[in-house]
Amino acid sequence: MDRSGEMKTPPLTVDNDSAEPRVKLRPRSGRNAFVLEQLRKEVHMDEHTIPIQDLFERLQVDPSYGLTNDQVERLLHQYGPNVISPPRTLPFVLKFAKHLVQGFSLLLLAASVLSFMAYAIQIYADNIPDTKENLYLAIILIGIVLVTAMFTYYQEAKSEKFMKAFEVPIQKTVVLRGGMRRDIYVDRLVVGDIVDVKFGDMIPADIRIISCSGFKVDNSSLTGESEPRPRYADSEDPDPLESKNVAFFATYAVEGSCTGVILRTGDRTMMGHIAQLTGTLDGEKTPLSSEINHFVTFITAFAVTIGVIFFVVAIAKGYGFAYAFIYLIGIITANVPEGLLPTLTVCLTLAAQRLKARKCLFFKLEAVETLGSTSVICTDKTGTLTANK
C-alpha cells in the first residue's frame with residue numbers, strides 16, 4: 001500500500017505484440033515458483049500511455065464511426081470471443097472413475113480381486129472345499145467401493161451445480177459500430193470497439209477511457225480494493241494497474257459514465273491473465289488424503305508381509321501350493337478394514353451438511369477435514385470472515 005492509501009497490486013506480465021499472453025502455461029507439475037515469479041513481473045504495455053490518436057491509428061478505428069463488420073469478423077477470428085476460458089473439467093466417467101481408484105478404494109478393489117482369485121482356485125484345485133465365501137466377499141467389497149464412489153460424486157456434483165448458479169450470464173453493452181450505437185453481447189466484442197459504460201454496468205473488457213463524467217469503478221474483484229476508484233481520460237501511470245485511464249474486465253462501474261476503446265479481450269485481459277496463472281497452480285493434497293495414503297501403504301505392507309510369512313510356513317508344513325496361496329489371500333483380505341471407507345464418507349458428509357447449513361460449501365468432501373486442520377488464516381478481509389463481530 002502506498003502513501004496515498006491505495007493498495008499496490010502485484011504486477012503481471014503481458015505481451016503487446018501477440019494475440020496470446022507472454023506467460024506460457026507449463027505442464028501441471030512443479031511450477032508454483034514459476035507462477036509466483038510471473039506475478040512479480042511488471043506489465044509491458046503502452047496502450048494507456050501513448051496519445052489517444054496514436055492508439056486509434058494502431059487499432060485502425062475511427063472514434064466517431066467505430067469498427068466495420070469486416071473488421072469485427074476478422075478480429076473475432078484472430079482473438080476469439082470475449083470470454084475467459086473456463087478451467088478444464090473432467091467428464092462424468094473420469095470423475096467417477098477417479099473416486100474408484102484413489103486412496104482406500106483402490107485397496108478394497110485389490111482385496112476384491114484377490115478374493116476372486118481365491119474363489120477361482122477353490123473351483124479348479126483338487127482337495128480344496130468349494131465354498132463361496134470368497135466370492136461373496138469380493139462382491140461385497142466391490143459394492144462398497146461403488147456405493148461410496150456414487151455417494152461422494154453425488155455430494156460433490158451437487159455442490160458444483162449450486163456454485164454454477166452464481167455465474168453471471170453474458171450481458172449486453174452499448175457499442176459504436178458502423179456509425180451506429182447498438183446493444184451487443186459482451187462475448188462478441190473485439191479489440192478497437194468503442195463502448196459506452198454507465199453506472200451499474202460490468203466493464204466488458206480492458207478499456208482505455210476516452211471521455212468520462214464522474215466515473216468510478218469497483219476493483220475489488222481484481223485487486224481487493226474495497227473503495228471505488230475514480231477514472232479519468234488523461235491519467236498516464238506507467239503501470240496499467242495503477243493508471244487512472246484504464247478500466248478492467250469484470251470490474252463494475254459504481255458511479256458516473258464513460259466512453260472507452262477496448263484494448264484487450266478474453267484471456268488477454270488482466271482478469272483472464274490472472275485466471276490462467278491461478279489455473280496453473282498445483283493442487284495440494286489435503287491432510288486427510290495424505291493420512292489415508294499413509295494408512296493404505298502401511299496396511300498393504302503389513303498384510304502382504306504377514307501373508308507371505310504364513311504362505312512360507314504353510315509350504316514348509318507340507319500343504320499344497322494352492323491351499324497355501326488361498327491362505328495367503330485370506331490373511332491379506334482379513335487385514336483390510338472394509339467398513340472404514342463408508343464410515344469415513346458418511347462422517348465427512350454429515351460434517352459437510354452441517355457446514356452447508358451455515359452457508360459453507362465444499363467442492364470435495366476431503367476439504368471438510370482440511371478446514372478443521374487449518375491453524376492460520378492470512379487475509380485482509382477480516383470483516384467478511386467474522387461477519388463484523
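Predicted model: local features only at pLDDT ≥ 70, side-chain atom pairs only at ≥ 80, totals over all residues.
**Aromatic pairs**

A pair of aromatic rings is described by the distance of the centres and the angle of the planes. Over the whole structure, the search returns 4 aromatic pairs. Select phenylalanine 298 and phenylalanine 302 to begin: these rings are stacked, at 6.2 Å centre to centre with 15° between the planes. Both residues belong to helix α9 (residues 287-316), and because they are 4 residues apart there, about one helical turn separates them. Phenylalanine 302 has a relative accessible area of 39%, so it is partly exposed.

Next, select phenylalanine 310 and tyrosine 327. Their ring centres are 6.1 Å apart and their planes meet at 65°, which means that the pair is edge-to-face. Phenylalanine 310 is in helix α9, whereas tyrosine 327 is in helix α10 (residues 321-334), so this pair ties together parts 17 residues apart in sequence. Partly exposed describes phenylalanine 310, at 36% relative accessible area, and also tyrosine 327, at 41%.

Then display Phe311, Phe321 and Phe325, which form one aromatic cluster.

Most residues other than glycine have a negative phi.

Finally, select alanine 250, in the loop that lies between β6 (246-247) and β7 (252-264).

Key: Residues numbered from 1 in each chain as written. Heavy atoms only, no water. Phe/Tyr/Trp six-rings, centres within 6.5 Å; stacked < 30°, edge-to-face > 60°. Helix = DSSP H or I, 4+ residues; strand = E, 2+ residues; numbered from the N terminus. Buried < 20%, exposed > 50% of the residue type's maximum accessible area, 1.4 Å probe, protein only.
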